[in-house]
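Welcome! Please take a moment to look over the sequence and the 3D view before reading on.

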Amino acid sequence: STPLILGTGVLSRRKLRVEAETAEPGSVLIMFTDGLKSRTSLKGKLDVLRQPAIAIAQHLIENDSRPDDDALVMVARFRNDLSP
């Protein structure tokens, strides 16, 4: 993980680390803030990962959020085809 605070002018003063990774069609990318438990994982939960992105995000918020913090979850599924 990379700690980062977003706000006016913050990015201009920080050197960001850029990483690249390949993703197979149908893969799911999940990013979340520290409002979710640090050991949050969907490993072995294929029933959840097969759901629409919004349902995956809702599952994470309902099951892994910290009771004393706010949380943000972003879920994206890579398309199986590149046609419009």
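The report below walks through this predicted model, from its overall layout to a few individual residues.

## The overall layout

Let us begin with the chain as a whole. Its secondary structure amounts to two helices and two strands, and these follow one another in the pattern β-α-α-β. There are 84 residues in the protein chain, and 15% of them count as buried.

The accessible surface comes to about 7,200 Å², with carbon and sulfur atoms holding 55% of it. Among contacts with a separation of 6 or more, 67% join residues 24 or more positions apart.

Now look inside. In soluble globular proteins, nonpolar side chains tend to be buried together. Here the largest nonpolar core has eight residues: Leu36, Leu42, Val48, Ile56, Ala57, Leu60, Val73 and Val75. Two elements, helix α2 (53-64) and strand β2 (73-77), each give two or more residues to this core. The largest share, three residues, is supplied by α2.

Setting aside neighbours within four places in sequence, Val73 has contacts with Ile30, Met31, Phe32, Leu36, Ala57, Leu60 and Ile61.

Is His59 buried or exposed? This residue of helix α2 counts as buried because its relative accessible area is 19%, and the cut-off for buried is under 20%. Beyond residues up to four places away in sequence, His59 touches Leu42, Lys45, Val48 and Asp64.

Thr40 sits in the loop between β1 and α1 (46-49). With a relative accessible area of 14%, Thr40 is buried too.

Next, turn to the outside. Leu29, Met31, Met74 and Phe78 make up a nonpolar patch on the surface, and together they have about 350 Å² of accessible area. Leu29 belongs to strand β1 (residues 28-32) and is partly exposed, at 36% relative accessible area.

Met31 also lies in strand β1. Its relative accessibility is 46%, so Met31 counts as partly exposed. Leaving out neighbours within four places in sequence, Met31 is in contact with Leu72, Val73 and Met74. Although Met31 and Val73 are 42 residues apart along the chain, their C-alpha atoms are separated by 5.9 Å.

Pro25 is placed in the segment before β1. How many residues separate Pro25 and Phe78 in sequence? They are 53 residues apart, yet the distance from C-alpha to C-alpha is 5.3 Å.

Phe78 is one of the residues of the surface patch described above. Once residues up to four places away in sequence are set aside, Pro25 touches Phe78, Arg79 and Asn80.

Notes
Residues numbered from 1 in each chain as written. Predicted model: local features only at pLDDT ≥ 70, side-chain atom pairs only at ≥ 80, totals over all residues. Heavy atoms only, no water. Core = buried A, V, L, I, M, F, W, Y, C linked by side-chain atoms within 4.5 Å. Buried < 20%, exposed > 50% of the residue type's maximum accessible area, 1.4 Å probe, protein only. Helix = DSSP H or I, 4+ residues; strand = E, 2+ residues; numbered from the N terminus. Contact = heavy atoms within 4.5 Å. Areas by Shrake-Rupley, 256 points an atom, 1.4 Å probe, with all protein chains shown as cover. Patch = residues over 30% accessible without salt bridge, like charges linked within 9 Å, V, L, I, M, F, W, Y side chains within 5 Å. Salt bridge = Lys/Arg side-chain N within 4 Å of Asp/Glu carboxyl O.
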